[in-house]
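I opened the model today and kept notes as I went. The entries follow the order in which I looked things up.

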Amino acid sequence: MTLESVFFANTKGLSSSQIERIKIISDHTCAQIADLIPTKQTDVIIHVKPSWTIPEIGFSGFSPNAAYAFIHIDPSNPNFDSNIETELAATIAHELHHCARYTSVGYGQTLLEALVTEGLACAFEMDFRQGQISIYANALELSQISALLSQAQEEFHSQTYAHNDWFFGSQERGIPRWTGYTLGYEIVKKYLEETRLTAASQWNTSASSFERKDFYE
């Protein structure tokens with residue numbers, strides 16, 4: 001990825017100093033990521049879109065394919081300025097890992113594939129948040145993880161699973177918000193610990209490699 005691959009789609013609500021700060025962080029982050037995973041086909045689009053961000057932090061991301069990583073930001077969020085250094089870099093890292101994966105095994109069609117894709121991105125972004133786990137990858141109590149993993153296993157290979165239920169929550173089904181991100185991170189974390197590999201090195205590894213029954217017991 002070249003530094004020219006970072007663009008602003010909308011700067012409404014941003015001050016000139018914020019724009020400059022975002023440019024510096026984005027360029028630096030993209031340069032770091034380019035040394036870890038293939039990203040030269042991807043453009044990063046910084047987009048002011050408050051309604052699409054995570055209220056707790058003022059940032060979110062979306063990558064529809066290998067070509068584009070959209071980073072949504074909310075300059076009106078009270079936590080925005082204090083979160084720029086960490087959350088902007090981490091969000092870019094998360095989305096660019098998705099983009100790299102799109103060039104190989106893809107995001108995935110089944111629940112297990114989605115869990116692994118998101119889990120890898122959550123693990124990868126930790127290198128850009130000083131080793132700290134994100135709020136969405138740490139959304140469950142330890143006592144909840146085993147039961148929800150068992151519930152998820154029933155749909156692991158389903159291509160008709162309800163993505164929003166698993167990743168954004170379903171009160172009706174007893175699935176808390178961000179369950180998919182947390183379960184995915186737990187699956188990936190255990191795999192990486194056992195294999196001593198990194199999330200960066202596993203950007204093109206099939207989800208089937210992560211399906212170890214003993215991980216979920």
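**Entry 1: Thr-117**

I started at Thr-117, which sits in helix 3, residues 111-125. The model is a predicted one, and I read everything below with that in mind.

Is Thr-117 buried or exposed? I found a relative accessible area of 1%, so Thr-117 is buried. The cut-off for buried is under 20%.

Next I asked what the side chain of Thr-117 reaches. I found the backbone oxygen of Tyr-107 at 2.7 Å. I then listed the contacts of Thr-117, leaving out residues up to four places away in sequence. They are His-98, Arg-101, Gly-106 and Tyr-107.

Thr-117 and Ile-33 are 84 residues apart along the chain, and their C-alpha atoms are separated by 17 Å.

**Entry 2: Arg-101**

Arg-101 belongs to helix 2, residues 80-102.

Which side chain of opposite charge is nearest to Arg-101? I found Glu-113, 7.6 Å away.

I looked for a polar partner instead. The backbone oxygen of Thr-205 is 2.8 Å from a polar atom of the Arg-101 side chain.

I wrote down the contacts of Arg-101, setting aside neighbours within four places in sequence. Among them are Gly-106, Val-116, Thr-117 and Leu-120. The list also includes Gln-202, Trp-203, Asn-204, Thr-205, Ser-206 and Ala-207.

**Entry 3: Helix 2**

I stayed with helix 2 and checked how covered it is. Of its 23 residues, 18 are buried, so I noted the helix as mostly covered. I then followed its axis. Helix 2 bends by about 45 degrees at Thr-86.

**Entry 4: The whole chain**

I stepped back to the overall layout. How many helices and strands does the protein chain have? I counted six helices and four strands. From the N terminus, the elements run β-α-β-β-β-α-α-α-α-α.

The radius of gyration is 17 Å, close to the 17 Å that the globule rule gives for 217 residues, so the chain is as compact as a globular protein of that length. Along the principal axes, the C-alpha trace spans about 50 × 35 × 30 Å.

I noted that 51% of the 217 residues count as buried. I also looked at contacts between residues at least 6 apart in sequence. Of these, 69% join residues at least 24 apart.

**Entry 5: Salt bridges**

How many salt bridges does the count come to? I got seven.

I took Glu-56 and Arg-177 as one of them; their closest N and O atoms are 2.7 Å apart. This pair links distant parts of the chain, 121 residues apart. Glu-56 is in the loop between strand 2 (43-48) and strand 3 (59-62). Arg-177 is in the loop between helix 5 and helix 6 (179-195). I checked accessibility on both sides. Glu-56 is partly exposed at 35%, and Arg-177 is partly exposed at 38%.

I then turned to Arg-173. Its salt bridge with Glu-155 has the closest N and O atoms 2.4 Å apart. Arg-173 lies in the loop between helix 5 and helix 6, and Glu-155 in the loop between helix 4 (142-153) and helix 5, so the pair ties together parts 18 residues apart in sequence. Arg-173 is partly exposed, with a relative accessible area of 30%. Glu-155 counts as buried at 16%.

Arg-173 also forms a salt bridge with Asp-165, with the closest N and O atoms 3.1 Å apart.

I noted one network as well: Glu-87, Glu-125 and Arg-129 are linked by salt bridges.

**Entry 6: Phe-168**

My last stop was Phe-168, in helix 5, residues 163-168. Its relative accessible area is 46%, so Phe-168 is partly exposed.

Which residues does Phe-168 contact, leaving aside neighbours within four places in sequence? I found His-163, Arg-177, Trp-178 and Tyr-181. Arg-177 is the partner of Glu-56 from the previous entry.

I closed with a distance. The C-alpha atoms of Phe-168 and Ser-209 are separated by 25 Å, and the two residues are 41 apart along the chain.

Note on methods
Residues numbered from 1 in each chain as written. Predicted model: local features only at pLDDT ≥ 70, side-chain atom pairs only at ≥ 80, totals over all residues. Heavy atoms only, no water. Helix = DSSP H or I, 4+ residues; strand = E, 2+ residues; numbered from the N terminus. Buried < 20%, exposed > 50% of the residue type's maximum accessible area, 1.4 Å probe, protein only. Lys, Arg positive; Asp, Glu negative; His and termini not counted. Salt bridge = Lys/Arg side-chain N within 4 Å of Asp/Glu carboxyl O. Polar contact = N/O pair within 3.5 Å; in protein donor to acceptor, adjacent residues only side chain to side chain. Contact = heavy atoms within 4.5 Å. Bend = angle between axes of the 7 residues up to and from the residue. Rg over C-alpha atoms; globule rule 2.2 N^0.38 Å.
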